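Open the model in your viewer and keep the selection panel at hand. This tour goes stop by stop.

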Amino acid sequence: MKISASIYSNKHKTLKDIVTDLDAHGTDLFHIDCNDDPSVFEDIARIRQLSRTPIDLHIITPTPGKYYDLIAKHEIHAVCFQYENLQEPLAIPETISARTGLAISSSTDIDAFAPYAEQLDFVLIMATTPGKSGGTFDKHNFRKIRQFRQRFPQTRIHVDGGVNHEVSFILRNMGVYAAVSGSYLMNSDSIGAAMLNLKTHDIGSHYLVGDFMRQLDETPLLRPDELSVRNILQSIEDNKLGFTLVADESDVLLGMITNADVRKGLLKHIDNLNALEVADMINPSPAAAREDFTVQELLAYIQEQTFPVNYLPVVNSKHEVTGSVTFMNLVKGEV
């Protein structure tokens, strides 16, 4: 996952010192907030004299058209406009070579992106108030990110607001392309240590699995009376997660069926597939995470397992399924 450092979050250093410090610690992008202030491009011109690190520009304005020439003139890698402030159509000209996006606030439905889906390259999901630094990540946005990925799978997701080391881990796991870090990175005692934490290390324990897991209505699940080979294959195929869960009418977890379980069942009866039964494919006692696990407890639980973990059902204290977690995006997120 790319880290986009919000340079205006530090009010105490000169622009030159900020740029030099960030470049020395491998910042992927410089994030610049433009609150309807064209003078921001004077800073961008100065940055271009100091560094080749790509510029990630977020513009909050009712009239985006007045910025098009400025964006085309300067070397901007990515630019997005805040949806809620727009008072004129967003019609970005082809003369702008930057990646383009739409920023939406926590309270704005992802439907707002639909008219721009064919036009824009990415969405910036604001997890705190746009233009204000130092807020706490609103965990409601974990679900929003999953919903957006499901609806617009080809569109990159950027996230801004409240991104610290723990949130960064969760976002990497969710396949977020870039995260904007402001106060956590820019006001830390050591930018180098904070950058390392954002990219790889030090998982805290503020968020619980229940905060960021796929909810039950987002998790593939079959009831006992729905179990057939066709339904199992269809459930795995439709949800594209590589598994489906089995639970009774009270949501008590009865088992899990993964691609590997299907393969084992087929191999068991490879000479007579007519003998294949559903029971041959169900793991009746899968590893499962508790919804009240902290991130640290979740990682410790995974480390205890003797097999690679790509996904886990999530249960409550009554062993009732409440959701699932997947880890398929974690390696992709490091690229």
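Is D217 buried or exposed? Select D217 and show its accessible surface: the residue is exposed, with a relative accessible area of 60%. Keep in mind throughout that this is a predicted model.

**Stop 1: around D217**

R143 lies in helix α4 and D217 in the loop between β9 (214–215) and β10 (221–222), so the pair ties together parts that lie 74 residues apart in sequence. R143 is partly exposed, at 27% relative accessible area. Together with R143 and D217, they are linked in a network of salt bridges.

**Stop 2: the end of helix α4**

Stay on α4, residues 140–151, and pick R151. The side chain of R151 meets that of D111 in a salt bridge of 2.1 Å, N to O. D111 sits in the loop between β5 (99–104) and β6 (122–126), so this pair links distant parts of the chain, 40 residues apart. Colour both by accessibility. D111 is partly exposed at 42%, and R151 is partly exposed at 41%.

**Stop 3**

Select E75 and R52. Their side chains form a salt bridge, with N and O 2.5 Å apart. E75 belongs to the loop between α3 (68–73) and β4 (78–82), and R52 to the loop between α2 (40–50) and β3 (55–59), so the pair ties together parts 23 residues apart in sequence. R52 counts as exposed, at 58% relative accessibility. E75 is partly exposed, at 45%.

**Stop 4: a buried charge**

Which side chain of opposite charge is nearest to D160? Select D160 in strand β7, residues 156–160. The nearest is K11, and K11 is 13 Å away. D160 is buried yet has no salt bridge. Show what surrounds D160. Leaving aside neighbours within four places in sequence, D160 is in contact with H31, D33, H58, L124, I125, M126, A127, T128 and V180.

**Stop 5: the nonpolar cores**

In soluble globular proteins, nonpolar side chains tend to be buried together. Here the largest nonpolar core has 75 residues. Select L57, L171, L185 and L312, the residues with the most contacts inside that core. Then centre on L57. Beyond residues up to four places away in sequence, L57 touches I32, C34, V40, F41, I44, I76, A78, V79 and C80.

**Last stop: the whole chain**

Zoom out and switch to cartoon. The protein chain has 12 helices and 15 strands. Its C-alpha trace spans about 70 × 40 × 35 Å along the principal axes. Of the 335 residues, 50% count as buried. Draw the contacts with a separation of 6 or more: residues 24 or more positions apart account for 62% of them. Finally, colour by charge. There are 30 positive and 44 negative charges, and their mean positions are 4 Å apart.

Notes
Residues numbered from 1 in each chain as written. Predicted model: local features only at pLDDT ≥ 70, side-chain atom pairs only at ≥ 80, totals over all residues. Heavy atoms only, no water. Core = buried A, V, L, I, M, F, W, Y, C linked by side-chain atoms within 4.5 Å. Buried < 20%, exposed > 50% of the residue type's maximum accessible area, 1.4 Å probe, protein only. Contact = heavy atoms within 4.5 Å. Helix = DSSP H or I, 4+ residues; strand = E, 2+ residues; numbered from the N terminus. Lys, Arg positive; Asp, Glu negative; His and termini not counted. Salt bridge = Lys/Arg side-chain N within 4 Å of Asp/Glu carboxyl O. Charge placed at Lys NZ, Arg CZ, Asp CG, Glu CD.
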